[in-house]
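Reader: I'd like to go through the charged side chains in this one. Can you take me through them?

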Amino acid sequence: MNLRDKIAEYPNFPKKGILFRDFSPILKDPSAMESIADEFSKYFHPKNIDIFAGIESRGFILACILATRYNKGMMMIRKAGKLPGKTTKISYTIEYGKDTIEIQKDILEEGQRVLICDDLLATGGTAKASAKLIEKVGGKIVGFAFIIELTDLNGMKGISNYDCKSLVKY
């Protein structure tokens with residue numbers, strides 16, 4: 001299946017000069033979601049993954065699709081202040097300032113193998129911070145799964161020491 005045909009483009013969103021690549025139309029098509037799960041299952045073996053982590057918020061969807069396919073659990077990586085209970089946080093620099101992400105402190109057991117999922121890889125700042133956060137609590141990063149990669153922004157550079165797979169590259 002050609003997923004590129006199912007990705008919508010919105011010029012000047014969220015601000016002038018940005019071309020937003022939106023995977024939302026894929027969600028209306030069960031065969032497209034099945035195709036995504038099929039492609040990632042060719043790349044990441046179930047025996048190497050204990051849990052999937054979705055980066056807020058679109059990564060939650062991909063992580064759930066894959067967790068269901070692999071019969072594994074899923075955890076959320078969220079912006080600060082969005083999770084109940086005790087959390088572990090990490091702050092990082094983004095193109096226009098700082099941001100903070102967090103996970104629940106007891107969500108992972110020491111040594112659990114995690115595949116981090118997101119819809120899109122741009123500059124890679126959030127992806128890199130997500131890996132550091134999971135490693136901070138004792139998780140082991142299996143790799144990253146992205147539906148879309150914006151290659152001109154060099155996001156893979158910051159996570160090149162991990163096993164990474166993106167399905168559609170622009």
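**Charged side chains**

Author: The side chain of Arg21 makes a polar contact with the side chain of Glu9, at 2.3 Å. A polar contact is a pair of N or O atoms within 3.5 Å; within protein, one must be able to donate a hydrogen and the other to accept it, and residues adjacent in sequence count only if both atoms are side-chain atoms. This is a predicted model: local features need pLDDT of at least 70, side-chain atom pairs count only at pLDDT 80 or more, and totals for chains, interfaces and linings use all residues. Residues are numbered from 1 along each chain as its sequence is written, and side-chain values use heavy atoms, with hydrogens and water left out.

Reader: Is Arg21 buried or exposed?

Author: Arg21 counts as buried, at 15% relative accessibility (buried is under 20% relative accessible area, exposed over 50%, partly exposed in between; 1.4 Å probe, protein chains only).

Reader: How many salt bridges does the structure hold?

Author: Twelve, a salt bridge being a side-chain nitrogen of Lys or Arg within 4 Å of a carboxyl oxygen of Asp or Glu. One of them joins Arg58 and Asp119, at 4.0 Å, N to O.
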